[in-house]
Amino acid sequence: MTDQPNQPYDPYGQQPQAWPGQGYQGYEDPHAAQQYTQQWQGQTWETQNHQQVSAQAPDPETAILTPQSPQPLRSPRTPQGPAAPAGADADVSASGYGPATVGGNQRVTDAQRARAEGRSPIIEPGMQPAALTALLGLLLAGAAAVGTYALLVPLVVLQAVTAAGWFRLNGMWPARQGIALGFAGALAADAALLVSGRSPSAILGTLGVWVLLALVLQLRSHADPDERMYGLMATVAASALAIVAGGYLAAAADAVTVGAVAVAVAVLARALPLPTPASVVVALLAAAGAGIATGQVTDLGTSGALLGAGAAACALIGHRVASYDYPSRFVHFTAGVALPLAAAAPAVYVLGRALA
């Protein structure tokens, strides 16, 4: 069968029309449709203005891999950004995000990358939060040697930072009502301790009252049930930690001095660039040594080693809690500073009474 020559297209010629109720009848012969189709001769706009993209080595940052094509595709109209500077890797590691690309790739945080790779998303507080913890611990130790009311000043600071840091550690920010309620509970516990002659029952009574207040506050909330339950648990935990930190006020002055110094030394030793098991062992040994040295100054003597080691063990637990799930810098400078000292308060009170 020979093809017919191309004929000019006549828009007013006889063509099949589709009437209502009738289906459109197409061409029976596929070659017959070509005689009514315009065919352009010569070069078009795309062949004149577009250059052929040459095969290049795939760029790991801007290449977009598709399962249909084994080679990376790159749009010819995509503007190429400037080359990354030599210090880009340092900036990436400091910011916690991957390098920005011009191919539309989303920036992935270190926490998301660690979860995708099956690694533990944990970042421990560094030397600066440890130095602040040590400073606050030394202030507690020195104030305890001066007197009860002098101890209130660093203790109130510790309780305020504990309440704020716990909410931020749980991803709840701003949470002004919960932070205010937890801090108010700590102040109420301190006042009850002073009125009752530093009796530990004041801490337990205040803790029970504040659990009921947190429950009433969340019942009046109009949030979703899941969110209210989450807020209730965070409020109760923050209030409990801030109130329990008042154990420094209930403990003996010598026990507070030994325990606070031991916590300061343990947190500094834990921040050293050592493997985690070795760092924990070094921190406990350093805390025991600091307890012996401080116990010689006070009336505890060599029994200060046990008190220092026990307080340091609780402080390391608080330090580990503040390292959970890639916390932010704000968490490190609030919960990372306060939780080691707040968690050590019960050990200081119990061991101080047992060894006195």
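**Reading a predicted helical model**

The chain of this predicted model averages a pLDDT (the predictor's confidence in each residue, from 0 to 100) of 76, and 67% of the residues score at least 70. Over residues 18-27 the pLDDT is below 50, and this stretch has 6 contacts in the model beyond near neighbours in sequence; contact means heavy atoms within 4.5 Å. Residues 42-55 also have a pLDDT below 50, with 5 contacts beyond near neighbours in sequence.

Residues are numbered from 1 along each chain as its sequence is written. Local features need pLDDT of at least 70, side-chain atom pairs count only at pLDDT 80 or more, totals for chains, interfaces and linings use all residues, and side-chain values use heavy atoms, with hydrogens and water left out.

Q: How are α6 and α7 placed relative to each other, parallel or antiparallel?
A: Two packed helices are described by the angle between their axes and the distance between the axes. Helices here are DSSP runs (H or I, at least four residues), numbered from the N terminus. Axes are lines fitted to C-alpha atoms, for helices over the stretch in contact, and angles run from 0 to 180 degrees between N-to-C directions. The axes of α6 and α7 come within 9 Å and cross at roughly 155°. The two helices are therefore roughly antiparallel, a word used for angles over 145 degrees.

Q: Which residues of α6 and α7 meet?
A: An α-helix has 3.6 residues a turn, so residues three or four places apart point the same way. In α6, the residues that meet α7 include Gln177, Leu181, Ala184 and Ala188. On the α7 side, Ala202, Thr206, Trp210 and Leu213 are among them.

Q: What is found in the loop between α6 and α7?
A: Arg198 is found there, between α6 (176-195) and α7 (201-219). Arg198 is not a glycine, yet has a positive phi of about 60°. Its relative accessibility is 32%, so Arg198 counts as partly exposed; buried means under 20% relative accessible area, exposed over 50%, and partly exposed in between (1.4 Å probe, protein chains only).

Q: What span should helix α12 have?
A: The expected span is 1.5 Å times one less than the number of residues. Helix α12 (residues 304-321) has 18 residues and should span 26 Å; its end C-alpha atoms are 26 Å apart, which agrees.

Q: Which residues are buried in α12, and what covers them?
A: Among them are Gly304, Leu307, Ala311, Ala315 and His319. The cover includes α10 (253-270), α11 (276-297) and α14 (335-355). His319 counts as buried because its relative accessibility is 4%. Leaving aside neighbours within four places in sequence, His319 is in contact with Glu124, Pro125, Arg270 and Pro340.

Conventions:
Parallel < 35°, antiparallel > 145°, perpendicular 65-115°, else oblique.
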